[in-house]
Amino acid sequence: MKKAILALSIGLIILACKGEKKSEKLESNTENNTVNNEWIHLFDGSSLDGWRAYNGDSLPPGWVIKDGELTFDTEIRTEANRKGGKDIIYAAEEFDNFELYWEWKIPEGGNSGVMYHIQEGDWPPYEVAPEYQMLDDLKWEEINDATLEEWQKTGADYAMYVPDLSQKIVKPAMEWNTSRIIFTTEKVEHWLNGKKLLEFVPWSEDWESRKKEGKWKDFPKYGTFKSGYIAIQDHDSPLWLRNIKIKKL
């Protein structure tokens with residue numbers, strides 16, 4: 001009888017130890033998931049740490065903090081007179097799979113974009129990096145006396161995938177927009193003002209055919225990098241951004 005009780009006690013102790021280890025493992029996994037799901041602020045309204053010029057060492061002129069906003073303080077130019085060349089990147093860390101969120105506004109006729117998976121080299125960023133287009137859809141064509149395709153307008157995966165117009169909320173110039181890119185190797189999503197505009201599978205047959213048949217057919221490096229920096233485009237337009245943050249997926 002004593003032997004049976006002893007055996008039962010030992011068994012209960014072993015089960016308790018296993019349960020404790022399993023609990024520790026679950027706690028550890030939960031902690032790791034919490035860390036992985038934390039937002040990283042690329043711009044919090046008070047510091048430009050981590051930002052610099054593409055292929056440069058410091059921020060180009062014009063990129064400043066005003067009233068807690070990351071502002072590109074420049075004179076707007078029409079498309080015919082555009083110069084550019086002052087793109088900036090968040091160079092403190094590279095990202096592969098992520099959820100990126102930001103708030104932005106532009107003036108009448110304004111144009112810019114957010115790019116990702118940037119790798120520096122002897123090429124302009126747009127030749128290699130996918131871009132979420134930011135544009136004044138309502139006035140750009142009138143001001144520039146030109147007509148745009150839907151793949152050139154706000155929310156598009158520039159020159160690749162167009163927004164679902166039934167879900168697109170177009171705001172006038174100088175009103176704040178919220179945007180989101182969710183990127184994984186299984187699916188990419190573009191969001192604007194709380195609505196999902198589009199989704200696609202990166203590097204799929206459909207993606208490859210769009211690249212080969214469209215604007216990027218003569219740019220073999222486009223979309224080939226699978227991790228890299230986040231970039232903001234200089235398209236000779238003032239720009240205001242705030243609350244830029246990213247979450248690793």
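**Close-up 1. Asp87 and its surroundings.** The backbone nitrogen of Asp234 lies 2.6 Å from a polar atom of the Asp87 side chain; a polar contact is a pair of N or O atoms within 3.5 Å, where within protein one must be able to donate a hydrogen and the other to accept it, and residues adjacent in sequence count only if both atoms are side-chain atoms. This is a predicted model, in which local features need pLDDT of at least 70 and side-chain atom pairs count only at pLDDT 80 or more, while totals for chains, interfaces and linings use all residues. Residues are numbered from 1 along each chain as its sequence is written, and side-chain values use heavy atoms, with hydrogens and water left out. You will find Asp87 in the loop between strand S4 (69-72) and strand S5 (88-95); strands (E, at least two residues) are DSSP runs numbered from the N terminus. Setting aside residues up to four places away in sequence, Asp87 touches several others, including Arg52, Tyr54, Pro125 and Ile232 (contact means heavy atoms within 4.5 Å).

**Close-up 2. A buried charge without a salt bridge.** Asp87 is buried yet has no salt bridge, and the nearest side chain of opposite charge, Arg82, is 7.2 Å away. Buried means under 20% relative accessible area, exposed over 50%, and partly exposed in between (1.4 Å probe, protein chains only). A salt bridge needs a side-chain nitrogen of Lys or Arg within 4 Å of a carboxyl oxygen of Asp or Glu. Lys and Arg count as positive and Asp and Glu as negative, with His and the chain ends not counted.

**Close-up 3. Strand S13 and its partners.** Strand S13 (residues 239-248) is largely enclosed by the rest of the structure, because 7 of its 10 residues are buried. S13 pairs in the antiparallel sense with strand S1 (residues 39-43) over 4 bridges, with S4 over 3 bridges, and with strand S6 (residues 98-105) over 7 bridges; pairing requires that DSSP finds at least two bridges between two strands. Look for Trp39 with its bridge partner Lys247, Leu70 opposite Leu241, and Lys105 opposite Trp240.

**Close-up 4. Asp236 with Arg77.** The side chains of Asp236 and Arg77 meet in a salt bridge (2.7 Å, N to O). The pair links distant parts of the chain, 159 residues apart: Asp236 sits in the loop between strand S12 (228-232) and S13, and Arg77 in the loop between S4 and S5. Asp236 is buried at 3% relative accessible area, whereas Arg77 is partly exposed at 32%.
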